[in-house]
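These are my notebook entries on a structure I had not examined before. I record what I looked up, entry by entry.

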Amino acid sequence: MNVATYMSQLAQQVGGIYVPKCTTFKSHYQSTMKGAVFGAYKGYLVALALTQAGRTSGFVMLVRYPKAPIVPPLQEALKNRPGFSSFFGKKAVKAAVDGVSISWTYVMTKPKLEEIASLLDAVVEEVSKVAQPFSGKCEDCGAAEAREITLMNGIPGYHCPACQMRTAEEKQREADEYRSKDANYFLGVIAGLVAAAITGSAWGWLISLMEADSGKWSPKLHAVIAFAVSIPICWLIFKAIGKRDRVGQVLAIVLTLAAKWWGDTIYFTHVVMHVQDVAFSWQLVGSVVRHFWDYKFFDGGYTFVTICDIVISAAIPWMPWASLPKFVPVFQNINPDGSLSQTLTQGTAPR
Ligand SMILES: [Zn+2]
């Protein structure tokens, strides 16, 4: 059964709507396969989706209830519920003030629809013992009527138009405040240079220890190490600047590449030391620097590593440790055919 068919049947099973184009549960570390199923179930809101993290397939079930002052004691209640652990084996349960999510991984066969329905039943029964169901009112103000499910950044809820507007404006204000925060670029450059010098040197000396004398060469490690190099560099740059912005991202790209290539210079120096049986000298480092591109494009393998260095560095703005914070929420309504339409708020929110 393909994913779309599976999701449609799942929607039927739980009386929900299959929305192929939504990004609920999508994060830097996991993607959703073909959207999610949404529905109201005994007064609670439900979202179900197949997930993918690397090569691992999983399933996630979110049951939402109105925000409570404290996190309902669901985690323990569910784990101690007789029979709960027999569904699909080991599951992660995460309870929050406004919902509980249950996720697990599977190999090859997608979870059986009837079993998902039974699990949902069990979860909702447990939830109903500790959290109120939605009452047809907006969950933010508790006053206005709200009977249609609204997705806020992909999470189902009940939000009246006025509250959507208010939330959007509040978030816009936060975004403006963040943007206008003072940025210390001077400190950012200094911190970035220090971080690049340290991480680049660490990479160079470590890989020299591992490979230069033995003559081994693991292209995969050389090709992906820029990821690891970028983490401390990004962290220190943004810390020193005081916020995440485009300038910091550009600085991170340049300094990650510089750090990786500084490490490569140390590595090539050690290779030359080994091959020519000479001792370390700064003169030797200087000669390696002059012939740096000859080394970086020595053969197909080295050229591949060089390309990876550049591509990974250029992709830094999309990495979780360097992406810009998002503020303004997206509100969407679910149409009966499973398509999404943005609510009025989106059009009127200040840009
Ligand atoms: Zn409201």
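Predicted model: local features only at pLDDT ≥ 70, side-chain atom pairs only at ≥ 80, totals over all residues.

**Entry 1: domains.** I looked up the domain assignment of the protein chain, which gives domain 1 (3-134) and domain 2 (181-318). I then read the separation of the C-alpha centres of domain 1 and domain 2, which is 43 Å.

**Entry 2: strand S4 and its partners.** I turned to strand S4 (residues 56-64) and asked how many of its 9 residues are buried. I found 7, and I describe S4 as mostly covered. Strand S3 (residues 44-53) runs antiparallel to S4, and 9 bridges join them. As one example, I traced Thr51 to its bridge partner in S4, Gly58. S3 and S4 form a hairpin, with 2 residues between them. In the turn I noted Gly54, whose phi is positive, at about 65 degrees. S4 is also joined to strand S6 (residues 99-106), by 8 bridges and again in the antiparallel sense. Here I traced Val63 to its bridge partner in S6, Val100.

**Entry 3: an open sheet.** I next followed an open sheet of 4 strands, in the order S8-S7-S9-S10, with antiparallel pairing. Strand S8 (155-157) and strand S10 (340-342) are at the edges; each has a single partner strand, so one side of each lacks a neighbour in the sheet. The twist from one strand to the next averages 40 degrees. I checked the pairing of strand S7 (residues 150-152) with S8 and found 3 bridges, in the antiparallel sense. Within this pairing, Leu151 has Pro156 in S8 as its bridge partner.

**Entry 4: helix H10.** Which residues of H10 are buried? I listed Val305, Thr306, Asp309, Ile312 and Ser313. These residues cover an arc of only 135 degrees around the axis and therefore lie on the same side of H10. For background, I recalled that an α-helix has 3.6 residues a turn, so residues three or four places apart point the same way. On the other side of H10, I found Gly300, Thr303, Val311 and Ala314 exposed. I then looked up what the buried residues of H10 pack against, and recorded helix H6 (219-241), helix H7 (246-276) and helix H9 (292-296).

Terms used. Residues numbered from 1 in each chain as written. Domains from an automatic or database assignment. Buried ≥ 20, exposed ≤ 12 C-beta atoms within 10 Å, placed from the backbone. Arc of directions from axis to C-beta. Contact = placed C-beta atoms within 7 Å. Pairing = 2+ DSSP bridges. Axes fitted to C-alpha atoms, helices over the stretch in contact; angles between N-to-C directions.
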